[in-house]
Amino acid sequence: MRSRRTALGLCLVFTMLLFTACSQPEPAAGSRPNIVFVLLDDVRWDDLGAGGHPWVRTPNFDRVAHEGALFSNAFATTPLCSPNRATILTGQYAHTHGIIDNVDRSEQSHRLFTFPRLLHDAGYETAYIGKWHMGVDDSPRPGFDYWYSLQGQGYHFDPDVNDNGKRMKVEGYTTDVFTERAVEFVLRQRDQPFMLYLAHKVVHPNIFQNADGSPRGPRGGAEKYTPAPRHSHHYEGMQVPRRPNAASYGKDKPALQRPIPGVAPLGPESGTDDATILNRLRMLSSADEGMGEIFKALEETGRLDNTVVVVSSDHGFFYGEHGLGRERRLAYEETARVPLFVRYPSLIPAGMTIDDFVLSVDYAPTMLDLAGLETPADMHGRSLAPLLEGKSPADWRESFLIEYYSDTVMPRLVKMGYKAVRTQKWKYIQYVDLEGVDELYDLENDPYEMKNLIDDESAQEALDEMRTELARLLEESAPVSY
């Protein structure tokens with residue numbers, strides 16, 4: 001049985017992992033692929049053309065899916081920026097890596113043992129370009145040969161950046177600035193493989209932050225979703241698609257229906273309006289164009305087919321489902337489910353669709369595996385390489401954990417920390433700070449999560465099974481002590 005790690009145990013784990021990374025033999029350079037990992041911000045699985053959007057144009061992101069694999073059931077284990085970004089980098093759940101919310105965890109984020117750091121120690125040239133967002137500290141983190149990042153959230157125009165330890169202001173649209181740096185890095189002459197981690201700010205709005213990382217009030221008085229000027233009229237007149245649960249306004253969800261002082265009840269005005277959704281989708285265009293520039297750079301250098309290209313997002317967003325908008329964080333499909341496309345022709349047949357459950361904890365083990373490195377025992381995820389080869393292991397997961405730690409940023413979500421478990425048929429959400437508000441959904445018959453069956457007599461056997469499964473998943477992913 002695994003037990004809670006002590007502070008001393010944590011130090012020992014890091015030491016052991018570092019020793020392992022330094023001592024394990026390096027695969028031959030020619031056999032190791034380059035890696036381009038593109039992380040979008042707040043992008044839903046259905047925001048992209050390949051993800052099923054009826055009219056959005058994202059041809060370069062779609063190319064990754066069409067020439068590689070599309071994962072139809074990819075999920076964030078914590079649907080919140082900072083925790084899931086740390087999960088992607090470490091292969092660990094938030095309850096282990098400790099980045100549990102969006103407040104300033106700068107110091108702690110310097111201590112994360114990330115897959116780029118392991119790749120760096122194994123001979124990869126590594127770069128981090130974009131939004132770090134685990135605090136406001138923009139200084140370089142361990143394991144990156146090149147560091148180019150924003151302070152905190154940053155802004156969409158004329159960003160202040162930290163360029164390998166030197167702070168400066170750069171003119172231009174931030175997405176384009178990141179693309180320029182990414183292309184420069186790809187075009188470098190080198191003998192060793194490289195790993196580029198490009199973390200875009202789009203489609204997150206501009207928000208000022210206090211020193212602790214909390215919102216200080218947005219520029220212009222409201223969250224501003226600002227596309228590049230060249231895209232400001234994209235999709236003019238298009239009708240925004242809405243899912244059937246956009247008119248449910250929290251029905252059968254007692255946690256969301258609680259009266260909260262100063263917060264209006266869920267209703268027609270509480271969700272995301274059409275203008276905001278259109279601007280979010282317009283913002284995607286600059287990142288998609290950037291993906292096209294990276295493809296050109298890979299082609300020019302003859303590296304395209306020896307490069308693993310990954311496109312994903314830290315979590316999704318609500319477009320009015322259940323009456324919600326910017327609340328994300330919750331365990332419902334719209335925010336927990338993310339896009340995931342992977343292209344690597346030497347391994348992945350073009351046009352694959354993979355329906356197995358995959359999680360953000362799987363990204364780090366997968367990148368290490370494709371580079372020929374072992375997965376540290378402290379990572380919770382599994383390599384996706386067998387799935388990418390067209391195999392479906394008999395012991396692949398049939399359930400998974402989603403977790404969220406309550407914070408005070410969203411008044412409607414105060415005391416709504418939860419542990420949730422999802423299977424193909426059921427989703428159970430156990431709120432840890434409130435009593436009598438848990439939720440249970442039959443996803444086969446209610447895919448939009450509109451009918452809470454927590455008190456339905458016919459669902460009590462399933463409820464018992466889901467509670468048992470949740471306990472098993474928590475035990476299985478508990479930090480270990482050495």
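Okay, let's start inside a sheet: Thr126 has Met195 in β8 as its bridge partner. Before I go on, this is a predicted model, where local features need pLDDT of at least 70 and side-chain atom pairs count only at pLDDT 80 or more, while totals for chains, interfaces and linings use all residues. Residues are numbered from 1 along each chain as its sequence is written, and side-chain values use heavy atoms, with hydrogens and water left out.

A quick word on labels: helices (H or I, at least four residues) and strands (E, at least two) are DSSP runs, numbered from the N terminus. Two strands pair if DSSP finds at least two bridges between them.

So, back to β4, residues 125-130. Which strands does β4 run parallel to? One is β8 (residues 194-199), joined to β4 by six bridges. Another is β5 (residues 146-150), with four bridges to β4. There, Tyr128 sits opposite Trp147 of β5. Is β4 buried or exposed? Six of its six residues are buried, so β4 is largely enclosed by the rest of the structure. Buried here means under 20% relative accessible area, exposed means over 50%, and partly exposed is in between (1.4 Å probe, protein chains only).

Next, a three-stranded sheet. It's an open one, ordered β12-β3-β15, with mixed pairing. Why do β12 (337-338) and β15 (358-359) each have a side without a neighbour in the sheet? Because they stand at the edges, each with a single partner strand. β3 (residues 74-75) pairs with β12 in the antiparallel sense, over two bridges, and Ala74 has Val338 in β12 as its bridge partner.

As background, most residues other than glycine have a negative phi, and most peptide bonds are trans. Where do we find a cis bond? From Val202 to Val203, with omega near 15°. Val203 is in the loop between β8 and β9 (208-209).

Then there's phi. Asp158 isn't a glycine, yet its phi is positive, about 50°. You'll find Asp158 in the loop between β5 and β6 (160-163). Glu449 also has a positive phi without being a glycine, near 55°, and its place is in the loop between β19 (439-442) and α13 (460-476).

How do they sit, buried or partly exposed? Asp158 counts as partly exposed, at 37% relative accessibility, whereas Glu449 counts as buried, at 0%. That's my tour, thanks!
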